[in-house]
Amino acid sequence: MSTLPKIVVIGGTGAQGVPAVKVESTRSSVLTRKTSSEQAQELASLPRVSLFEGTYVKEADIWALFKGAYGALVNTDGHVVGEKAEVFWGMRIFEIAVAQGVKHYIWASIPYLTKLGGYDPKYRSGHMDGKGRVAEWLLAQKLKDVTVTVFRTCGYADMLWGGQFAPVRNEDGSFTFYSSIGDGVLPVIAIHDIGPYVSWIFANKERANNLNLKAVTDILPYPAIVSAFENVTGKKGVWKDLPYDEFAITQNMTDDMPAAFAHSTGEYHDPSGMSMKANFHGWWNAWHDSLVTWDDIDVKLLDEINPGRSKSLEEWMRRVGYNGDSKVNLKDVAGLIARQ
């Protein structure tokens, strides 16, 4: 039997979880609804990785999952369970983990936009606020024998491949980048940099105690995104900033589609939750008004933790060979396409 500490990973088959599991040198137990899925099997092929079939919205599964675990990396998905369920289960998972003896708990979070915006409802974004509320609660616990770390990221640079940042190829070979941001700035993070941050957190228990680590690759206005694209690819980029209602049309977002768009049919869905269109209206309002800036980021600490990280969006583009073409690289988006 392995003497390596067991780390439970919730969200291990998602965008953040996969690079974390691949880099982390401890023994990982990854929760997955289907052990036969392509993402799960890819992780199962790695040494020191095991799969646990179940769901984090069933207490019996959570109790069994955390048995014998030292640590946890928990990244619930508001686009699957919805805002209200994410707040409840974000708290309940932690309670069960502590009861089972977990000593180091990492909560994967994102900016709490409603709070950053002074609780103005124009910034309300359910999938952001749900995680943000749980992060605030976790940092307030201050348990004597349990280290809590919040690992806060932001929009993925990889959403330029597929997602709301992805440009549209025009007939003349140019690419149009749509947004609803005005003169605001957009924070992004390279997914490939997530693993080293998680490894550092687990390896530096004392420094990571009650730390809200805010990781970002770049924070930039949209013209700079287009300029980086042109510098890297040599292709022409066009920026079209639209009123939000018009932008929502380009993304096929409607008031009839739930923000928890990635849920399985009939499963988890909360009909009282936000619509996808309303959810992302708050999201874009936050970037439009530049709620997250470099003043909020400890760049020196990020460089210490991950000296090889991408330090700009242009650097990320060069490292991944970004060319503007679309590809589905986010599990939630892939699932949505499959059901359409």
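Mentor: Start at Trp284. Leaving aside residues up to four places away in sequence, Trp284 touches Gln164, Phe165, Ser179, Ser180, Ile181, Tyr222, Tyr244 and Phe247. Keep in mind that this is a predicted model. Trp284 also belongs to the largest nonpolar core, a set of 100 residues. Within that core, the residues with the most contacts are Phe66, Tyr105, Trp284 and Trp287. In soluble globular proteins, nonpolar side chains tend to be buried together.

Now the helix. Trp284 is among the buried residues of α12, which runs over residues 276-288. Helix α12 has 13 residues and spans 18 Å from first C-alpha to last, close to the 18 Å expected at 1.5 Å a residue. Most of α12 is covered, with ten of the 13 residues buried. These are Met276, Lys277, Asn279, Phe280, Gly282, Trp283, Trp284, Asn285, Ala286 and Trp287. An α-helix has 3.6 residues a turn, so residues three or four places apart point the same way. Just past the end of α12, Ser290 adopts a positive phi of about 50°.

Ring pairs link Phe280, Trp283, Trp284 and Trp287 with Phe165, Tyr222, Trp239, Tyr244 and Phe247.

Ser180 sits in the loop between β9 (175-179) and β10. Its relative accessible area is 10%, so Ser180 counts as buried. Two backbone atoms are reached by the side chain of Ser180. One is the oxygen of Leu242, at 2.9 Å. The other is the nitrogen of Tyr244, at 3.4 Å. The contacts of Ser180, apart from residues up to four places away in sequence, are Asp241, Leu242, Pro243, Tyr244, Phe247, Trp284 and His288.

Ser125 lies between α6 (113-116) and α7 (126-139). Ser125 is buried, because its relative accessibility is 0%. Beyond residues up to four places away in sequence, Ser125 touches Leu113, Thr114, Met274, Asn279, Gly282 and Trp283. Asn279, Gly282 and Trp283 are among the buried residues of α12.

Between β7 and β10 (residues 186-189) the pairing is parallel, over two bridges. Gly155 stands opposite Val188 of β10.

Back to rings, now across the whole structure. The search finds 20 aromatic pairs. One of them joins Phe88 and Trp89 edge-to-face, with 4.9 Å centre to centre and 80° between the planes. The two partners differ in cover. Phe88 is partly exposed, with a relative accessible area of 45%, whereas Trp89 is buried at 12%. Another pair is Phe175 with Phe229: the centres are 5.4 Å apart and the planes lie at 70°, so this pair is edge-to-face. Phe175 is in strand β9 and Phe229 in helix α10 (residues 222-233), so the pair ties together parts 54 residues apart in sequence.

Finally, two backbone details in other loops. Arg48 has phi near 65°, a positive value in a residue other than glycine. It lies in the loop between α2 (38-44) and β3 (49-53). Arg48 counts as partly exposed because its relative accessible area is 42%. Asn210, also not a glycine, has a positive phi near 55°. Asn210 belongs to the loop between α9 (205-208) and β11 (211-214). At 28% relative accessibility, Asn210 is partly exposed.

Notes: Residues are numbered from 1 along each chain as its sequence is written. Side-chain values use heavy atoms; hydrogens and water are left out. Two strands pair if DSSP finds at least two bridges between them. Helices (H or I, at least four residues) and strands (E, at least two) are DSSP runs, numbered from the N terminus. Buried means under 20% relative accessible area, exposed over 50%, partly exposed in between (1.4 Å probe, protein chains only). Contact means heavy atoms within 4.5 Å. A nonpolar core is a set of buried Ala, Val, Leu, Ile, Met, Phe, Trp, Tyr and Cys residues joined through side-chain atoms within 4.5 Å. The expected span of a helix is 1.5 Å times one less than its number of residues. A polar contact is a pair of N or O atoms within 3.5 Å; within protein, one must be able to donate a hydrogen and the other to accept it, and residues adjacent in sequence count only if both atoms are side-chain atoms. Rings of Phe, Tyr and Trp (its six-membered ring) pair if their centres lie within 6.5 Å; planes under 30 degrees apart count as stacked, over 60 as edge-to-face and the rest as tilted.
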